[in-house]
Amino acid sequence: MAGGRSPAPRRAAFAALATLLFLACVFFFLSATTITTSAPNSATARLAAVRRHAEDHAAVLAAYTAHARRLSVDSASQTESFLSTSSRLSALASRLTLSTVALLEKEARGHVKRARALAAGAKEAFDTQSKIIKLSDTVFAVGQQLLRARRDGQLNSRIAAVSTPKSLHCLAMRLMETLLLVNASSAAVPDAVVPPPPEELTDPSLYHYAIFSDNILAVSVVVASAARAAAEPSRHVFHVVTAPMYLPAFRVWFARSPPPLGAHVQLLTANDFPFINASSSPVLRQVEDGNRDVALRELDYLRFYLPEMFPGLTRVVLLEDDVVVQRDLAELWRLYMGGKANAALHTCFGGFRRYGRYLNFSHPAVQERFQPRACAWSYGVNVFDLLAWRRDQCTQQFHRLMEMNENGTLWDAASVLPAGLMTFYGNTAPLDKSWHVMGLGYNPHIRPEDIGGAAVVHFNGNLKPWLDVAFNQYKQLWTKYVDTDMEFLTLCNFGL
């Protein structure tokens, strides 16, 4: 067969050609099948989408109709609009079929557009949260106008510096919304915090704390951490003083998340102490006269009235709202204070944190009474002997200092620490540093052994543990005491 042509290549070529033709036919058949079935599927999808939109908006308007009727809204025309548009959408949804989808799609879109406009217009009237936020914004705006009217100058940057973070503001608003909804439903409003029996409020043998704050979440952590660290939690009583506008929110929080292990919480405002008024208190008088610095710290300045607020008590521990308690504090009620009215952590080292840093020593009244090298101390954990306080008339001394500082010439009235340093000058016993470790809000290099051995850790500084900018290595010390079962925390975007 040499020199002849073999039939094998020809057979292979014909086989390959036949295979290609077969595959082409199969592909054409499948493509045709897909084309013939895709059109009905597309129409079905469009039909389902139109029907879903129509039914959803009909349900929304029907809900608004029922709500408007229940509240006896006086705009009958609005209620009729809800009802008629809802009925049209429902009827149109029932008429939608594959054969009519092209004709009715345009009509459905028009009704859905009108339904959205009606729902958007009615949202403000029926949305309680919108009402609360709008009311809060109005109150804030009016307050700012009053401050501007009382003082000709522009509001300084401190207002922005101490403004409530959005998440904390949201939390307070959500809690107050809950209370409003309970009231609106005519249901029994919980007594928020079941007050301890009167004898426990004034029993000096119990362990009494004072906390001045409008930060609901922070206060809840202070209470929870102190109670869980206590050997006898039921003997610990927390007197929380807040601004009147936040009192309902505090009540709702502690009603839904009571203090753990039988600890007691008493919620108070300045209104519960009628003796603190403009005629007797230079703090309230300066607030009424438009002193912006004092007005911004009014709640903090109330700490100088502890003996008058709690006349039956002999010793009170003052805690700031940015602390976490890690050890039983009962020993502080047995602490020897040498007859001093105050015990606090002394913070001076070298030339730092001495009186010269906080007071205006160019003023003769400051020069005559105080030494610039005197060691300063810190708020955060303070033990106050109220018997010594009354004996030494510390509140009256504070009043004299406030009157002298009406124009801010002795110290910066935006801070309460200088007022404390002056009021308790020579009357403050040193607190061992193991009771109070500071700096978790600004110092990333605190030794772990110091934190672990501290009775109280203090997030003083700008990097508070409820903020996203807090140090990650410290944040868990605080977050482990947060009641994460409270749904408001998720709604208000707390990054815990």
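The legends below describe close-up views of a predicted model.

Residues are numbered from 1 along each chain as its sequence is written, and side-chain values use heavy atoms, with hydrogens and water left out. Because the model is predicted, local features need pLDDT of at least 70 and side-chain atom pairs count only at pLDDT 80 or more, while totals for chains, interfaces and linings use all residues.

View 1. Helices (H or I, at least four residues) and strands (E, at least two) are DSSP runs, numbered from the N terminus. Of the 496 residues, 45% count as buried; buried means under 20% relative accessible area, exposed over 50%, and partly exposed in between, with a 1.4 Å probe and protein chains only. Contact means heavy atoms within 4.5 Å. Among contacts between residues at least 6 apart in sequence, 76% join residues at least 24 apart.

View 2. Two strands pair if DSSP finds at least two bridges between them. Strand 8 pairs with strand 6 (residues 342-344) in the parallel sense, over three bridges. In this pairing, Asn342 stands opposite Thr428 of strand 8.

**View 3. Strand 4 is mostly covered.** Five of its five residues are buried. Arg315, Val317 and Leu319 point one way from strand 4, and Val316 and Leu318 point the other way. Strand 4 runs parallel to strand 1, joined to it by two bridges, and antiparallel to strand 7 (residues 381-385), joined to it by five bridges. Leu318 of strand 4 stands opposite Ala210 and also opposite Asn382 in strand 7.

**View 4. The largest nonpolar core has 66 residues.** A nonpolar core is a set of buried Ala, Val, Leu, Ile, Met, Phe, Trp, Tyr and Cys residues joined through side-chain atoms within 4.5 Å. Those with the most contacts inside the largest core are Leu171, Leu175, Trp253, Leu319, Leu329 and Leu332. Helix 8 gives the most to this core, with 10 residues. Leu329 touches Tyr209, Leu319, Trp435, Ala455 and Val456, not counting residues up to four places away in sequence. A second, separate core of 51 residues includes Tyr358, Phe361, Phe370 and Tyr379. In soluble globular proteins, nonpolar side chains tend to be buried together.

**View 5. Phe304 and Phe398 form a stacked aromatic pair.** Rings of Phe, Tyr and Trp (its six-membered ring) pair if their centres lie within 6.5 Å; planes under 30 degrees apart count as stacked, over 60 as edge-to-face and the rest as tilted. The structure holds 18 aromatic pairs. In the pair of Phe304 and Phe398, the rings are 4.1 Å apart centre to centre, with 5° between the planes. Phe304 is in the loop between helix 12 (298-301) and helix 13 (306-309), and Phe398 is in helix 17 (residues 394-404), 94 residues apart. Phe304 is buried at a relative accessible area of 1%, and Phe398 is buried at 0%.

**View 6. Arginines lie over the faces of two aromatic rings.** A charge sits over a ring if NZ of Lys or CZ of Arg is within 6 Å of the ring centre and within 35 degrees of the ring normal. Arg235 lies over Tyr207, at 5.4 Å from the ring centre, and Arg327 lies over Trp435, at 4.9 Å from the ring centre. Tyr207 belongs to one aromatic cluster with Tyr209, Phe238 and Trp333.

**View 7. Leu261 and Gln393 each have a positive phi.** Most residues other than glycine have a negative phi. Leu261, with phi near 60°, is in the loop between helix 9 and strand 3. Its relative accessible area is 53%, so Leu261 is exposed. Gln393 has a phi of about 55° and lies in the loop between helix 16 (386-392) and helix 17. Gln393 counts as partly exposed, at 45% relative accessibility.
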